Amino acid sequence: MDVAIIVEGKNDKSRLKRVLSEDVPIYCTYGTPGSEQLEKLRKQAGDKQVYIFTDNDASGKRIRGLLRDLFPDAEHIYTRKGYPGVEHTPEDYLIEQLEKAGLDAHIVYPAPGPALQWNKDEF
């Protein structure tokens with residue numbers, strides 16, 4: 001399934017690129033989009049399944065409303081209210097939300113850290 005994600009800005013895009021495979025295009029509204037930017041997003045998305053991931057603030061909700069009208073079949077991904085935007089959402093929570101949206105096949109999971117070794121001589 002070809003997918004595309006729409007976010008507000010380049011920092012949101014950069015944050016998501018850290019946890020998504022390179023084959024997932026991420027498009028930006030660059031703030032509240034006007035008619036030209038909306039048309040550009042529509043053309044960029046083409047026939048891909050669109051996922052909308054905006055901040056959980058007044059501006060993000062306004063942008064989500066505009067995108068909802070443009071992409072009525074889009075899936076919506078939400079960040080928690082306590083996080084100051086997508087760009088500041090912890091990666092583990094981003095991954096959790098992407099999994100909930102069914103994007104598991106596109107997630108790049110972080111490499112596990114070194115396992116802790118228990119040394120009985122230390123105790």
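Biologist: Which residue in β3 does Ala4 stand opposite?

Modeller: In this predicted model, Ala4 stands opposite Val50 in β3. The two residues belong to a pairing in the parallel sense, in which strand β1, residues 3–7, and strand β3, residues 49–53, are joined over four bridges.

Biologist: In what order do the four strands of the open sheet lie?

Modeller: Reading across the open sheet, the order is β2-β1-β3-β4, and the pairing is parallel. Because β2 (26–28) and β4 (75–77) each have a single partner strand, they stand at the edges, and one side of each is left without a neighbour in the sheet. Neighbouring strands are turned by 30° against each other on average, with direction ignored.

Biologist: Which strands does helix α1 touch as it packs on the sheet?

Modeller: Helix α1, residues 10–17, touches β1, β2 and β3, and its direction makes about 165° with that of β2. Helix α2, residues 35–45, also packs on the sheet, touching β1, β2 and β3, and its direction makes about 170° with that of β2.

Biologist: How is a pair of aromatic rings described?

Modeller: One gives the distance of the centres and the angle of the planes. This structure holds one aromatic pair: the ring centres of Tyr83 and Tyr93 are 5.4 Å apart and their planes stand at 65°, so the pair is edge-to-face. The pair links distant parts of the chain, with Tyr83 in the loop between β4 and α4 (91–100) and Tyr93 in helix α4, 10 residues apart.

Biologist: Is Tyr93 buried or exposed?

Modeller: Tyr93 is buried, with a relative accessible area of 11%, whereas Tyr83 is partly exposed, with a relative accessible area of 22%.

Methods: Residues numbered from 1 in each chain as written. Predicted model: local features only at pLDDT ≥ 70, side-chain atom pairs only at ≥ 80, totals over all residues. Heavy atoms only, no water. Pairing = 2+ DSSP bridges. Axes fitted to C-alpha atoms, helices over the stretch in contact; angles between N-to-C directions. Contact = heavy atoms within 4.5 Å. Phe/Tyr/Trp six-rings, centres within 6.5 Å; stacked < 30°, edge-to-face > 60°. Buried < 20%, exposed > 50% of the residue type's maximum accessible area, 1.4 Å probe, protein only.
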